[in-house]
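User: I am new to reading protein models. Can you show me how to read some features, one by one?

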Amino acid sequence: MLEQRIQQHFIDSADLKYQAAQALSHPIVAAVQAVLACVTSGGKVLACGNGPSAAEAQQFAAFCVAGFERDRPELAVLALTSDSTLLTAAAGTHDAAQQFARQVRALGQAGDVLLALSVTGSDANLLAAAEAAHERDMTVVVLTGRNGGKLAAMLRETDVLISVPHDRAARVREVHALVLHCLSDGVDAQLLGEQENPL
């Protein structure tokens, strides 16, 4: 019984990835282009998310700074989820939802990119961060699930929405991990050229 349940997780995950491949490839290309335009013109990417999505933001920053599958110069990507002192400075106050927005206002400049990761797309602190990014004339790239939530509704024409068509958080996060791999590989391919079997 348990073995079948485990196998079903693999099947469901594979099915969703297969179904999402065609729908998500175009917005992932747009996200690659946005990140590439940003970092090659001296800008930076600010990445954020809550809970497991915070870990994904940090992982993406690591891929960009330390490298993904190939050696290349470091890319300017910062996870806004890494500084626990900053994140908890407003805990318990009415400004708690501003934890990422404050960092965006302090660090973001025109031409930079905000990468926001959220299963629901309705986290108050991510909505505030996106609003702050727009105030700074930054591009916003959103990785979400379901219908994109409130984040999808506030995006501009120059922003990018990558919305995984599923309601289950675990499945959405599995596809988010793959999307971040595609994004990292896409940037590397554009910077370094195609490579069949990266080391």
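Analyst: Start with contact: it means heavy atoms within 4.5 Å. This is a predicted model, where local features need pLDDT of at least 70, side-chain atom pairs count only at pLDDT 80 or more, and totals for chains, interfaces and linings use all residues. Residues are numbered from 1 along each chain as its sequence is written, and side-chain values use heavy atoms, with hydrogens and water left out.

User: Which residues of α1 meet α7?

Analyst: Helices are DSSP runs (H or I, at least four residues), numbered from the N terminus. Among the α1 residues that meet α7 are Leu 16, Leu 24, Ile 28 and Val 35. Their partners in α7 include Val 175, Leu 178 and Leu 183.

User: At what angle do the axes of α1 and α7 cross?

Analyst: Two packed helices are described by the angle and the distance between their axes. Here, α1 (residues 2-40) and α7 (residues 169-192) cross at roughly 40°, and their axes come within 7 Å.

User: Is His 134 buried or exposed?

Analyst: Buried means under 20% relative accessible area, exposed over 50%, partly exposed in between (1.4 Å probe, protein chains only). His 134 has 7%, so it is buried. It sits in helix α5 (residues 124-135).

User: What does the side chain of His 134 join in a polar contact?

Analyst: A polar contact is a pair of N or O atoms within 3.5 Å; within protein, one must be able to donate a hydrogen and the other to accept it, and residues adjacent in sequence count only if both atoms are side-chain atoms. The side chain of His 134 pairs with that of Asp 159 at 2.6 Å. Likewise, the side chain of Gln 99 makes a polar contact of 2.5 Å with the side chain of Asn 125.

Terms used. Helices (H or I, at least four residues) and strands (E, at least two) are DSSP runs, numbered from the N terminus. Axes are lines fitted to C-alpha atoms, for helices over the stretch in contact, and angles run from 0 to 180 degrees between N-to-C directions.
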